Amino acid sequence: MRTIIDMNAGWKFIAHDAGLVDYCPAGWEDVTLPHTWNAVDGMDGNGGYKRESCWYAKAFEAPARQLGKGKIYIEILAAGQQAAVYVNGKKAVSHEGGYSIFRADITEHLKEAGENLLVINCSNRYKDSVYPQSADFTFYGGLYRGVNLISVPESHFDLDYYGGPGIKVTPKPVEGGADFELMAYVVNADENFTVLYSVFDQEGREVAYGCRPADNPAVTLFVPDAKLWEIEEPYLYTVTAVLQRRNEAYDEVSVKAGVRSFSCDPQKGFIFNGRQMPLRGVSRHQDRLYKGNALTKKEHYEDAAMIKELGANSIRLAHYQHSQDFYEACDELGFVVWAEIPFISVFQKNPQAHQNCVSQLTELIVQNYNHPSICFWGISNEILIGGISEKLVENHKELNALAKELDPTRLTTIAQVSMTPLESPMHHITDTIAYNHYFGWYGGKTEDNGPWLDHFHKAYPKLCLGLSEYGCEGIVTYHGREPACKDYSESYQALYHEHMAKVLEERPWLWSSYVWNMFDFGCAARNEGGTAGRNNKGLVTIDRKTKKDSYYIYQAYWSKKPMVHICGKRYAKRGGKTAEMKVYSNQPSVALYVNGELIEEKHGEKVFTFTVSLERGFNRILADAGGVKDSTTIEKVDKEPDIYVLPEVNERLEGVANWFEAVGDLDLKAPMEFPEGKWNVKHTMQELAKCPRAFEIVQKAVKLSSNFDVCPGQGMWDMMKSMPPEGIVTMAGGLLPEGFLESLNAQLVKIDKDSQK
């Protein structure tokens, strides 16, 4: 029988490209897996992070070969982003893609007696043939999910096929129960071997059994009165396959499975087990504060439990294959999962990059086929940032066909960047589509979201439409009486999500929606809102310690457990004659007490707003929603602390005013012109960077419009270099005064393209 040996302890590590060694270096750092060398610099706000080729080494004794001629495999649960594995100086395997399992048979490389040396090179250096290449998150390096040795007999369930489990389970509801279509993958088995299948219910009772010859192991087993895998009650069966030789079990694999049905309808949205059930959830990245992506199983389960507490029924696992621990948590807790590959942001024309997408999609599907939580395979995200081409469309069609070939039971989907035209051919490749929209943050107004969705739905009534990303930054230090877009306040983030939660509630035909993001996450390239190195759009802080007010508006909409939450608890010092106290609750009425006195009881839906007079000094606030209570203390002060307002907000407003002073009396209502031989807003950032004078103007405009610093080779450059200023500024929409884009173009067209000054 197979034996799995945990190899996570006792590693040596060096944080530079030391090269292959033939001994275990005593001078290297001692580390335990999971491990990443970017745990701190990947999110510490210093503007960059180590993208290097680093080395791990471990001495070990080889396990005994089973029956004297078994196989020993090395299993890498993930290695960011490229890896090469050496055993006793010989390369066993190399792998490109930082998020999936890969294995290698190392039997012939081992010394049966004495010490063996395992050396692994990991690199997160830029490589144009491996995705992701450019994206809005940190690409952590290292052995961040762990390493195993697997000892199996010579005849065993396949360990070589794209890191898969060696068994494929497809449960289908039928009248009176469920059919379990089973397929095992066996190697080195002759006519003496059979595969014995058992299906066990959640209570451990065997409810179906089957036997097949090892050379033709497919079978369908009927489970009578099968229970469905539901969001509210995710019932799991255990399917076991035993490779049997006469009266001896050689190998065994076991997986969890769930019986469910699902589909999408353009008018009804997502349908699960025959019921209309719009998917309302969050996206999730896999990192934590100063741990990077080197998370433990406990931490993965903690994340899933926090999302369950929110009341979400779905998770988009962005933008890559996540840990098996997290998929298993989703199976057990009951989430519908969108799983995707890191084909993101910038399309690379290198043919090898497309093959890397093919490889990563194959690994994603083969390794995760059995998880009942997964209902959607995502094939790309915001890939039109750099424009569209016939090759890009063709590659997507190939990926979609591959997903259908590997798994015809699930639906495919895609996340389109906001600027994708409504008539784009990209809408007609996957089973469903979704858009990433940030109206009310990067462009336009919050109120634009509903009308845009309605317009698309009316124009394309046969397309299943979802909202794959939406959100805004919220930093818990910042507050104010009049929250506004781009003030980075917790108050504005809450206001934004109040509106969005209602928009989604009113549109059940949207098959899915996902808040960007459940947790703040590392993005070394970012520097905005006074908190550099992070994307702060999370409903929860990156350390998982603080749930922002925006978390609770979704709990009010989605959770069935009675709840009440007083907003603005961190807006703890308030000036003015009166104060607005906002309360979220899923109960029909809320009573508010100030210093023990009932101020008012209000009836309503989700959001309850009270205007109260505060006494000088400390005031006790209590909200009571039918016996569910929450309380806080607010201090009335003469002047609110300066720290409540981000200095950049006023600086930006002043910068816009100065910008218009600088352009003088230009006629900004005149149509824009694009004379030959002059720079203009339609040239890409990369093109404009050739002219220092033009690029300096554009840098100022981008900073004012998006709050991003753009500089070649730094920050968000890789994502933004292929975009024209026209697109970047337009995304800011209503955040900028009328005429801003025209004023930018008017300055650029004064500069000759031949000018290098």
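## Asp-251 and its surroundings

The backbone nitrogen of Phe-157 lies 2.9 Å from a polar atom of the side chain of Asp-251. The side chain of Asp-251 also makes a polar contact with the side chain of Arg-2, at 2.8 Å; a polar contact is a pair of N or O atoms within 3.5 Å, where within protein one must be able to donate a hydrogen and the other to accept it, and residues adjacent in sequence count only if both atoms are side-chain atoms. The model is predicted: local features need pLDDT of at least 70, side-chain atom pairs count only at pLDDT 80 or more, and totals for chains, interfaces and linings use all residues. Residues are numbered from 1 along each chain as its sequence is written, and side-chain values use heavy atoms, with hydrogens and water left out.

Asp-251 is buried, with a relative accessible area of 0% (buried means under 20% relative accessible area, with a 1.4 Å probe and protein chains only). Leaving aside neighbours within four places in sequence, Asp-251 is in contact with Met-1, Arg-2, Val-152, Ser-155, His-156, Phe-157, Ala-241, Val-242 and Leu-243; contact means heavy atoms within 4.5 Å.

## The four-stranded sheet

Asp-251 lies in strand β19. Helices (H or I, at least four residues) and strands (E, at least two) are DSSP runs, numbered from the N terminus. Strand β19 belongs to an open sheet of four strands in the order β16-β15-β18-β19, with antiparallel pairing; two strands pair if DSSP finds at least two bridges between them. At the edges stand β16 (206–213) and β19 (248–257), each of which pairs on one side only. On average, and with direction ignored, neighbouring strands of this sheet are turned by 15° against each other.

Strand β15 (residues 193–200) and β16 run antiparallel and are joined by seven bridges. Val-195 has Arg-212 of β16 as its bridge partner.

## Strand β35 and its partners

Strand β35 (residues 578–585) is mostly covered, with six of its eight residues buried. Three bridges connect β35 to strand β33 (residues 564–566), and the two run antiparallel. Eight bridges connect β35 to strand β38 (residues 606–613), again in antiparallel fashion.

Ser-585 takes part in both pairings: this residue of β35 is the bridge partner of Val-564, and Ser-585 stands opposite Lys-606 in β38.

## Helices α1 and α7

Helix α1 (residues 297–310) packs against helix α7 (residues 549–558) at an angle of about 60°, with their axes 8 Å apart. Axes are lines fitted to C-alpha atoms, for helices over the stretch in contact, and angles run from 0 to 180 degrees between N-to-C directions. The two helices α1 and α7 are therefore oblique to each other; angles under 35 degrees count as roughly parallel, over 145 as roughly antiparallel, 65 to 115 as roughly perpendicular and the rest as oblique.

Met-306, Glu-309 and Leu-310 of α1 make this contact with Tyr-551, Tyr-554, Gln-555 and Trp-558 of α7.

Eight of the nine residues of helix α13 (residues 740–748) are buried, so α13 is largely enclosed by the rest of the structure. Among the buried residues are Phe-740, Leu-744, Gln-747 and Leu-748.

The axes of helix α10 (residues 692–706) and α13 come within 10 Å and cross at roughly 170°, which makes α10 roughly antiparallel to α13. In α10, Ala-694, Ile-697, Val-698, Ala-701 and Leu-704 meet Phe-740, Leu-744, Gln-747 and Leu-748 of α13.

Methods:
Buried means under 20% relative accessible area, exposed over 50%, partly exposed in between (1.4 Å probe, protein chains only).
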